[in-house]
Amino acid sequence: MELIVRHGEREANVHVEEQAPGRYRVQIDDASYEIDATPADGSSVLSLLVDGHQWTASVRRREAGHYRVEHRDWVEDVSVMDPLAHLAEKSRGGASSGRQRITAYMPGVVKTILVAEGDTVSAGQPIAVLEAMKMENEIACDVDGTVTAVAVEAGQAVEGGDLLVEITPPEAD
């Protein structure tokens, strides 16, 4: 799975390859890491073994594509998006126009679809629940609009970047 991760002014290309359940090879730009990730007690806290070094971090979703990461006294906000959404954002100059594709940000199984074609949705509204890494994650829309396509169904396995829902924002006046 390919991702673009922003941390402050830094932007990194990230490639995540699942080796086994809970075990990943992660490449961040030119650096490569072997990571074992285990959720601690069903919370947002992860126990991480990174290249043999133990870490504990809390990762909390703030809104669609935005997360707060905490480790001891270190607290940072990061944003995550797939490369196609990143290119689309750059080509729009950050504006929301045209159909918006809501995609899976990691491999998993669609647990629930919370919208149907024709539904009116608001930015931040949950549209699906994705189970990944033994955790259920709400996927929210980034824009106000109308659901024009639902590309998946409950129980379906998806890869990072797979289309979940397409939303058409209202026309600008």
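Which residue in S15 does Val109 stand opposite? Val109 stands opposite Ala157 in S15. The model is predicted: local features need pLDDT of at least 70, side-chain atom pairs count only at pLDDT 80 or more, and totals for chains, interfaces and linings use all residues. Residues are numbered from 1 along each chain as its sequence is written, and side-chain values use heavy atoms, with hydrogens and water left out. The chain has 1 helix and 16 strands, where helices (H or I, at least four residues) and strands (E, at least two) are DSSP runs numbered from the N terminus.

**Chain totals**

- Of the 173 residues, 31% count as buried; buried means under 20% relative accessible area, exposed over 50%, and partly exposed in between, with a 1.4 Å probe and protein chains only.
- The accessible surface of the chain comes to about 10,200 Å², and 48% of that surface belongs to carbon and sulfur atoms. Accessible areas come from the Shrake-Rupley method with a 1.4 Å probe, and for residues only the protein chains shown count as cover.
- Among the contacts in the chain with a separation of 6 or more, 43% are between residues 24 or more positions apart; contact means heavy atoms within 4.5 Å.

**Largest pocket**

- The largest pocket has a volume of about 1,600 Å³. On a 1 Å grid over the protein atoms alone, a pocket is an open set of points with protein on both sides within 12 Å along at least five of seven lines, whereas a cavity is a set of points where a 1.4 Å probe fits but cannot get out. Grid points are joined across faces, edges and corners, and a volume is the space filled by probe spheres set on the points.
- The lining of this pocket comprises 40 residues, and Leu46, Leu48, Val59, Val69 and Val78 lie nearest the centre; lining residues have an atom within 4 Å of a point.
- By class, the lining has 29 nonpolar, 6 polar and 5 charged residues. Ala, Val, Leu, Ile, Met, Phe, Trp, Tyr, Cys and Pro count as nonpolar, Asp, Glu, Lys and Arg as charged, and the others, Gly among them, as polar.
- Strand S6 (residues 53-63) gives the most to the lining, with 6 residues.

- Strand S5 (residues 45-50) pairs with S6 in the antiparallel sense over 6 bridges; two strands pair if DSSP finds at least two bridges between them.
- Val45 stands opposite Ser58 in S6, and Ser58 in turn stands opposite Glu70 in S7.
- S6 and strand S7 (residues 66-71) pair in the antiparallel sense over 5 bridges.
- The hairpin of S5 and S6 has 2 residues between the strands, and Asp51 in the turn has a positive phi of about 45°.
- The hairpin of S6 and S7 has 2 residues between the strands, and Gly65 in the turn has a positive phi of about 80°.

**Open sheet S13-S12-S10-S15**

- These 4 strands form an open sheet in the order S13-S12-S10-S15, with antiparallel pairing. Strand S13 (135-140) and strand S15 (157-158) stand at the edges with a single partner strand each, so one side of each is left without a neighbour in the sheet.
- Strand S10 (residues 108-113) pairs with S15 over 2 bridges in the antiparallel sense.
- Strand S12 (residues 126-132) is joined to S13 by 6 bridges, and the two run antiparallel. Ala128 has Ile139 in S13 as its bridge partner.
- In the hairpin of S12 and S13, 2 residues lie between the strands and Met133 takes a positive phi near 55°.

**Open sheet S9-S16-S14-S11**

- A further 4 strands form an open sheet in the order S9-S16-S14-S11, also with antiparallel pairing. Strand S9 (100-103) and strand S11 (120-121) stand at the edges with a single partner strand each, so one side of each is left without a neighbour in the sheet.
- S11 and strand S14 (residues 145-150) pair over 2 bridges in the antiparallel sense, and Val121 has Gly145 in S14 as its bridge partner.

**Two residues in detail**

- Lys111 is found in strand S10 and is partly exposed, with a relative accessible area of 38%.
- Leaving aside neighbours within four places in sequence, Lys111 is in contact with Val129, Glu131, Glu136 and Ala154.
- Met135 lies in strand S13 and counts as partly exposed at 23% relative accessibility.
- Met135 and Pro39 are 96 residues apart in sequence and 7.9 Å apart in space, C-alpha to C-alpha.
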